[in-house]
Amino acid sequence: MSDEGAGPEKPKAIVVGHGEFSAGLVSAVGQICGLADKLVVLSNTGMAPGDIEAAIRSELARTGAKVIFTDLPGGSGTIAARRIAKENPDLVLVTGVNLATLLDFVFSAGGTPEEAARAAAERGKASLIVIERG
Amino acid sequence: MAIQLYRIDDRLIHGQVVVGWGQPHNIRFLVLVDDLVASSDWEKELYRMAIPPEMEIYFADVETAIRDHPRYANDPRPGILITGDIASMLRLVKGVKAIGSVNLGGIHHRAGRAEKLRYVFLTPEEEVQLHALESSGVEVTAQDVPSARSRPLAEVLEGETK
């Protein structure tokens, strides 16, 4: 198939998390919709702060991603990403990522990476629900 | 309650500290002792935004932390004091003379360091500093999270793969 008429390239993102969190989430995205290739997995396990930052920078350069999702606001991945975002005003950082957030993000098209990330974050927030009994 | 944990961790504030230790010990304040962070408003804001609303954070360079230690120690709330390196903790211990134990929580790989545990890598100079901590009457153990086994310094220095 030709690239012509394929529409705009969907935004890409790096997903940073503790342990196998990112790999698990991205695997679930792939299982549900087959769009895991829009996401890059990065684990901060066993890494020094400078190494986490270097790994994120490397993946941003390699993929051209403009969005970073992290798992925990106080996590070392988020701290590293905030250091990078300070120098890159066009980079969007979303923390507290969940599966609903990533699913919305990988299906986004036509907007900017920031618009896609903001919409995805709203979807993720809305998906966190206490199901009432009865 | 005062300081529940004196921790050396090169990641400073992060998930293991805020959640791993913070939740089970009901931690309500953190003291981040780091000369560089204490001198930078941006760094302080970076770490301030990383803590949950129920916690308070104090920033201090080592000299200020020595001066203010009685205030932290007499705080009725449970707290954690963190330094990013062994040298800063050693300076603090020598200045305060009232710290009974120090936790090695995360000293990660860099050039010149040898692996002791999966989360503790040390240079020969850092090993000397840890011995100096123990010689000051401080119990030094390694434990990344509360559910892990606390390992005494001698075991840490032997390394995991014997």
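This is a short tour of a predicted model, going from the sheet of chain A to its helices and then to chain B.

**Stop 1: the sheet.** Start by selecting the strands of chain A. They form an open sheet of four strands in the order S2-S1-S3-S4, with parallel pairing. At the edges you will find S2 (39-43) and S4 (92-95), each pairing on one side only. Neighbouring strands are turned by 20° against each other on average, direction ignored.

Now zoom in on S1 (residues 13-17) and S3 (residues 67-70) of chain A, a parallel pair held over four bridges. To see one bridge, pick A:Ala13, whose partner in S3(A) is A:Val67.

**Stop 2: helices on the sheet.** Next, show H1(A), which lies across S1 and S2 of chain A and runs at about 160° to S2(A).

Stop 3: Show side chains for A:Leu25, A:Ala28, A:Val29, A:Ile32 and A:Cys33 of H1(A), then A:Leu99, A:Leu102, A:Leu103 and A:Val106 of H4(A), which make the contact. By class, these are nine nonpolar, no polar and no charged residues.

**Stop 4: meeting chain B.** Finally, display both chains. Their contact takes 13 residues from chain A and 14 residues from chain B. On the chain A side, H3 (residues 76-87) gives the most, with four residues. That side has six nonpolar, six polar and one charged residues.

Terms used: Residues are numbered from 1 along each chain as its sequence is written. Chains are lettered from A and ligands numbered from 1 in the order in which they are written. This is a predicted model: local features need pLDDT of at least 70, side-chain atom pairs count only at pLDDT 80 or more; totals for chains, interfaces and linings use all residues. Two residues are in contact if their C-beta atoms, placed from the backbone, lie within 7 Å. Helices (H or I, at least four residues) and strands (E, at least two) are DSSP runs, numbered from the N terminus. Ala, Val, Leu, Ile, Met, Phe, Trp, Tyr, Cys and Pro count as nonpolar, Asp, Glu, Lys and Arg as charged, and the others, Gly among them, as polar. Two strands pair if DSSP finds at least two bridges between them. Axes are lines fitted to C-alpha atoms, for helices over the stretch in contact, and angles run from 0 to 180 degrees between N-to-C directions.
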